[in-house]
Each structure stands twice: as structure tokens, then as C-alpha cells.
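Biologist: Please take one part of this protein and look at it closely. Start with the whole chain, then go to the part.

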Amino acid sequence: MMNYQEALAWLDELNTFGIQLGLQRIERLTELLGHPERRYRTVHVTGTNGKGSASAMLAAALSCSGFRTALYTSPHLVSYTERMRIDGHEISEAAFAQTLAKVRQAVEKLTARGEESPTQFEVLTAQAFLWFAEERVEYAVVEVGLGGLLDSTNIITPVLSAITNVTLEHADRCGGTLEGVARHKAGIIKAGVPVVTAAQGMPLDVIRQTAAEKGAPLYVRGKDFTSVKRGISAARQQLVFSSKRNSLHDWPYELSLLGEYQIENSAVAVQAFLLLQAMEPRLTLDALRAALAKTIWPGRFEAMDIGRQRIRVDGAHNPGGAAALRTSLDVYFPAADRVFLLGILRDKDIDAMLAALLRPEDRAVFTTPASERAANPAVLEEKAAAREKRVEPDPAKALDLALKMAGGESLLVVAGSLYLVGGIRKLLQARRDGAL
């Protein structure tokens, strides 16, 4: 039996297989495990941005309604245990090691037969499905890792699918074009299974076509449902939701997640909940309202102020996310001087991200995310438009520099990659707790 550190070491070995899309390996692996993913009902969520937040809201609403509910997300910010939760609680390190050991035995059976080894993400997905089954969950909200069509999570047949939005990301693995990305996202749509989306334009056309071909009822934000902000109070957004097809009009709710983009994400979550409610009488609007008011999703326009120093941490890691973050900054802090602490992966659209985030009056510190795919911060500095630009490859030292530049007067914004945000959040938490 492995301990947690041995489990991490084995997962690290699996990284040598990289990212390989396809369902054959995960299907063989879950078959050996007795198809744990078939022992509970699932909700499948994809999208370029917002899928983690929407998944967290839905899982919280199911839990508040009395269902034992699991949540599977990726990547993690600090620990692998963040990826698997039941009723808001992460898997323990002991349970993580124990369930991974069972998956490892199945992997070794496959490779002993000469079959291809599953990738790290496939192993983690199978592990989550197994843990959820062993813990006898009733529902699992499952976030897609990459794309949808060939993502290892796509072996499930959910009772509901959701596609938050579609912009150009991971095009190299999803067809090379926006249309290709849309077709991969639409790949989670199953025959007869309702799907909710906030996609627009050509991606929506692709989703409509796929839904029609599969006889899947489609609910579209802006046409069938919408949420509108009425104000902000007590660090919560005051919103109103309406759904034409569910005869719910001007339903008020509070959202603990800040950021303009969370209005769209919450609309998708509420509409999805209404569809689930038609299947499950135990689901109540009171439970939904309570869940939305308390849902926390780290690294999404998250306030991590230290004393008088205002800090916002956001996992924006693609052009769409960067543009959404900038919009939120303009709404919440229209007159603030801003210092950005940025690290971006080299396989992202760096030019588009920097153009969306930075303005000539901003200041910025560029550093290195904790990933082999990290872009050279000097390259970011060269491309960026900002009145003051600094490079510090070490993230901890970069945080010190950014805090010094902000000086308790300017707003500090940390963004560009979840691989950066996770480490910086940990450093900020330690500072707030007085550990440093």
C-alpha cells in the first residue's frame, strides 16, 4: 500500500506520457475497476472559462439539497487532493493514497498485458470515479479536463451537460480552429441529455447542430435564460435570474463569487439546477439560493487583502479569461492604480493575453509559473505595454517586489496561470496568518 508521498512520486512518473487525448485507455482502466462511474448520477461541465466555478455552484446546490455530492475538477492550485471533493470536503491524503494504489494495480495489469499505460490525468480521473463510488455518492459534478470529445471524463453518460462558453484555446489539440474547439466542447453532448450553454456565435451554431443531431434539449443563455446584476452589497453580487422555459421570472439571489464573468457562470448553474429539479423533487430553490450565497472557488477574482494592501488573485490563463478579468477590474476598481504580478505558459496566446490585461498606465512584475511549460518572463516583459516593467524569475521574490511596488496604495493583481496563482496564494495565506 502506498503512502501519500509515494503516491505523488508515482503520479510524477506518469507525467512522462504527457497529454494524450482519447478514450480507449480510460475505458479499459475503468472496466478493470468495475466501472465505478456508473454507480451514481453525473453532471458533465465543459467550457473555455468558468467551468470550474459553474461546477462548484452546482455541486454546492446539490449538497445543500441533501444529496451526497462529489466534485471532480482540474488542475489543482496546491495539492492533488483539491481535485476530488465530497460535500465540499477534499479527499484526505490517506484516502488519496489508498484509492490510487487500487488504480495502480489495475494499470499494472494493463501494462503487463502489453497494453498502453494510461496518462496521469486518466489515472486521476479513474481514481476520482472509484473514490466517489466507494463513498456512495448520489451525484458527481464532473469538470472536463481539456476539450470534451476525447477527454477522459467523457466516458460518463450524465443526466445533464453544461458548456459555459467557447473561445480559442488548446486549438493544437482540438482541431486547430475555433470551430474545432467548439466541436470538441460539443462532444460531451449525449443522446437525449439536456444541455445548457452560454456560448455565442459560431460555437453556439456548432452546439445547436450537435444537440439537434443527438436529440438533446438545448437551453441557451440570452434566449432561454439570463441573469442580471442589480448591485453589490456585503461583498456579494445581487443578481436576478429569469428562465422563459422554466417559468421562473425575476428570481433574486446573492452570489459570493465576485467578478463580472461569474454572472454568466451562475446563470448556467441556475438553469442547470432547474433542469435537475424537474428530475429530483428534493431539490429546492431555497437550497440553491443558500448554495450560491456561500460558494467559494479559490483563485477566481479572489480577495486576499493584507492589511490595507488590496490584492486580487485570478486564474485567468487565456485571452478570454484575461479579458473577463480586465472587465471586472474596470467595474470594481475603475480608478485604482494597478500593479500586476504575471506568469504565463509559453503555449498560451501570450500577445492576446497581455493586450487584454495591461494598459500603458499599469505596472507589472513578470515571473515564472511552477510548470515546465512556463514562458520566459523576459519575453513577457518585452511584449508588454506598461509604464514600469520588472522581471523576477523566482515567484516568491517576485511577490515581494510586487508588494513593494504596490506599497499599500495600488491594487495588486496576480494572474496569468493557475500554476502561478496556486503558489502565490499559499505565500499570501502564510503572510496573512503571520507565518512569514
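Modeller: What follows goes from the chain as a whole to one helix, then to some backbone details.

This is a predicted model: local features need pLDDT of at least 70, side-chain atom pairs count only at pLDDT 80 or more, and totals for chains, interfaces and linings use all residues. Residues are numbered from 1 along each chain as its sequence is written, and side-chain values use heavy atoms, with hydrogens and water left out.

The protein chain holds 14 helices and 17 strands. These are DSSP runs, numbered from the N terminus: helices are H or I with at least four residues, strands are E with at least two. The C-alpha trace spans about 55 × 55 × 45 Å along its principal axes.

Of the 436 residues, 58% count as buried. Buried means under 20% relative accessible area, exposed over 50%, partly exposed in between, with a 1.4 Å probe and protein chains only. Among contacts with a separation of 6 or more, 72% join residues 24 or more positions apart. Contact means heavy atoms within 4.5 Å.

Now the close look: helix H10, residues 319–332. H10 has 14 residues and reaches 20 Å from its first C-alpha to its last. That is close to the 20 Å expected at 1.5 Å a residue, where the expected span is 1.5 Å times one less than the number of residues.

Which residues of H10 are buried? They are Gly 321, Ala 322, Ala 324, Leu 325, Arg 326, Ser 328, Leu 329 and Tyr 332. An α-helix has 3.6 residues a turn, so residues three or four places apart point the same way. The buried residues of H10 pack against strands E9 (225–233), E10 (236–243), E14 (338–342) and E17 (411–415). They also pack against helices H8 (261–279) and H11 (350–357).

Some backbone details lie elsewhere. The peptide bond from Ser 74 to Pro 75 is cis, with omega near -10°. Pro 75 sits in the loop between strands E2 (69–72) and E3 (84–86).

His 35 is not glycine, yet its phi is positive, near 50°. His 35 lies in the loop between helix H2 (24–32) and strand E1 (41–46), and is buried at 18% relative accessible area. Asp 250 also has a positive phi, near 50°. Asp 250 belongs to strand E11 (residues 248–255) and is exposed, at 51%.
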